[in-house]
Amino acid sequence: MLQGLNDVLEEKNKHVDQAKKTHTKAAKILDQALKEIGLKNDEIEKLALERSATYRKCRLEDIKLPLLEGNLKNVPMEENLREEVAMDVDDDDGTQQPRQVQDHGIEVDFDSLTEEERADNSPETTAEFDAQIAKLNGEIERMAPNLKAIEKLDDVEAKLADTEKEADKARKDSKNARDQFNDVKRKRCELFNKAYNHISDCIDQVYKDLTKGKASPMGGVAYLSLEDSEVSLSVHQSRPFYTR
């Protein structure tokens, strides 16, 4: 019985270890994806701030930007990070989304620029800002952990909890069996010692009575001794009485 419970405990421990490895692997993948999303969102924030700075410079220097819609007057002259860069947006399922930035309702018309003019512009122009922001948003959409991945992680965590409960129960059952075994062993030793002590106390007198005679008026001498100090030895392990 004790061996069987130990085997069950060992099997449950293997399941617990396997579930922990699966949980750790899934958690690392999720953590890496969230880190990459954070980096992309930081880059979106940087580009959005640079675009707003360009709008403000155009308004301050009265540079006429060709616009498809919106007006530079909608761009405040004072930089306000709280308004221009929104906080990260998380869905109800905890999935991190692309950062929402303020575009001030402006859409620039780049059709009036020639290829040479576009080539002469710096990487910080609005055209490149819009292209990079759109690209980053698409990348974030593709890498964002979806609801199924989160549900799968929840299932693994639930299975891990169930397996740990089963392992705890197996450990308790094993302990109970071991305690019962030790209790039986203790009682067996007590009974053996009681019988042994009684026989040891009486054997000499009984043997004297049996061996009294003319040749030996006092009778013989007999005693018991244990071959092993372990009191759990069976009676047949006691040394036979000795005479002299």
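Reply: Rings of Phe, Tyr and Trp (its six-membered ring) pair if their centres lie within 6.5 Å; planes under 30 degrees apart count as stacked, over 60 as edge-to-face and the rest as tilted. By that rule the structure holds one aromatic pair. Its members are Phe192 and Tyr196, and the pair is stacked: 6.2 Å centre to centre, with 20° between the planes.

A word on the basis. This is a predicted model: local features need pLDDT of at least 70, side-chain atom pairs count only at pLDDT 80 or more, and totals for chains, interfaces and linings use all residues. Residues are numbered from 1 along each chain as its sequence is written, and side-chain values use heavy atoms, with hydrogens and water left out.

Both Phe192 and Tyr196 sit in helix H5 (residues 147-211). They are four residues apart, about one turn of the helix. Helices (H or I, at least four residues) are DSSP runs, numbered from the N terminus.

Now burial. Buried means under 20% relative accessible area, exposed over 50%, partly exposed in between (1.4 Å probe, protein chains only). Phe192 has 8% relative accessibility, so it counts as buried. Tyr196 is buried too, at 14%.

Next, the cores. A nonpolar core is a set of buried Ala, Val, Leu, Ile, Met, Phe, Trp, Tyr and Cys residues joined through side-chain atoms within 4.5 Å. The largest has seven residues: Tyr55, Cys58, Leu72, Val75, Ile106, Val108 and Phe110. A second, separate core has six residues, including Tyr196, Ile203, Ala222 and Leu224.

How values were computed: Helix = DSSP H or I, 4+ residues; strand = E, 2+ residues; numbered from the N terminus.
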